[in-house]
Amino acid sequence: FIIGGIILSGSTFLANYGNPLFAGILVTIPLELVSLFFIKENKLYSYARSILIMSIATVIPVLYYNIVHPLKIMPLFFEIISSFCVWLLVGILLFYCLPDAIYYK
């Protein structure tokens, strides 16, 4: 929890006052990979596949934001909120539409 907070606040600070590229690198540190050390061996494959699948749910809203933002069709606040809604929608669709065989071994 503390590490995640440090990464988020550090990347926010860097994006505002330093190098935005470095902030992007910092915020994408794959903490979920660190958690692989704490997952039971018989669940590792399923967990790693689930991380891969949900990474898609992270990329799509970022692409959405990068398409919507330059168009200036809504206030910044709604651009960000709608990006979260896209993330939630994609996550729910992936959860319910993908067959269990994809992430269970």
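**Close-up 1. Leucine 33 in helix α3.** At 44% relative accessibility, leucine 33 counts as partly exposed. The classes follow relative accessible area: buried is under 20%, exposed is over 50%, and partly exposed lies in between (1.4 Å probe, protein chains only). Leucine 33 sits in helix α3, residues 31–34. Helices are DSSP runs of H or I with at least four residues, numbered from the N terminus. The model is predicted: local features need pLDDT of at least 70, side-chain atom pairs count only at pLDDT 80 or more, and totals for chains, interfaces and linings use all residues. Residues are numbered from 1 along each chain as its sequence is written, and side-chain values use heavy atoms, with hydrogens and water left out.

**Close-up 2. Packing of helix α4 against helix α5.** Helix α4 covers residues 44–71 and helix α5 covers residues 76–97; the two pack at an angle of about 150°, with axes 8 Å apart. Axes are lines fitted to C-alpha atoms, for helices over the stretch in contact, and angles run from 0 to 180 degrees between N-to-C directions. The angle makes α4 roughly antiparallel to α5. Angles over 145 degrees count as roughly antiparallel, under 35 as roughly parallel, 65 to 115 as roughly perpendicular, and the rest as oblique. The crossing of α4 past α5 is right-handed. Right-handed means that the near helix is turned clockwise from the far one by less than a right angle; anticlockwise is left-handed. On the α4 side, the contact includes Ile53, Met54, Tyr64 and His69. On the α5 side, Leu76, Glu79, Trp87 and Leu94 are among the residues involved. Contact means heavy atoms within 4.5 Å. By class, the residues of this contact are 15 nonpolar, five polar and one charged. Here Ala, Val, Leu, Ile, Met, Phe, Trp, Tyr, Cys and Pro count as nonpolar, Asp, Glu, Lys and Arg as charged, and the others, Gly among them, as polar.

Close-up 3. Serine 82 belongs to helix α5. Its relative accessibility is 15%, so serine 82 counts as buried. Leaving out residues up to four places away in sequence, serine 82 touches Tyr64 and Met74. Valine 62 is part of helix α4. Valine 62 has a relative accessible area of 45% and is partly exposed. The C-alpha atoms of valine 62 and valine 86 are 9.2 Å apart, while 24 residues separate the two in sequence.

**Close-up 4. Lysine 72 in the loop between α4 and α5.** Lysine 72 is placed in the loop between α4 and α5. Its phi is near 55°, a positive value in a residue other than glycine. Lysine 72 is exposed, at 57% relative accessible area. Glycine 4 is 68 residues away along the chain, and its C-alpha atom is 31 Å from that of lysine 72.

**Close-up 5. Packing of helix α1 against helix α2.** α1 and helix α2 (residues 20–27) pack at an angle of about 165°, with their axes 8 Å apart. That makes α1 roughly antiparallel to α2. The crossing of α1 past α2 is left-handed. From α1, the contact draws on Ile7, Gly10, Ser11, Leu14 and Ala15. From α2, Pro20, Phe22, Ala23, Leu26 and Val27 take part. The residues of this contact divide into eight nonpolar, two polar and no charged.

**Close-up 6. Aromatic pairs.** The structure holds three aromatic pairs. Rings of Phe, Tyr and Trp (its six-membered ring) pair if their centres lie within 6.5 Å; planes under 30 degrees apart count as stacked, over 60 as edge-to-face and the rest as tilted. Phenylalanine 13 and tyrosine 17 form a tilted pair, 5.1 Å centre to centre with 45° between the planes. Both residues lie in helix α1 (residues 2–17), four residues apart, about one turn of the helix. Phenylalanine 13 and tyrosine 17 are both exposed. For phenylalanine 95 and tyrosine 96, the ring centres are 4.9 Å apart and the planes are at 90°, so the pair is edge-to-face. Phenylalanine 95 is exposed at 54% relative accessible area. Tyrosine 96 counts as exposed at 65% relative accessibility.
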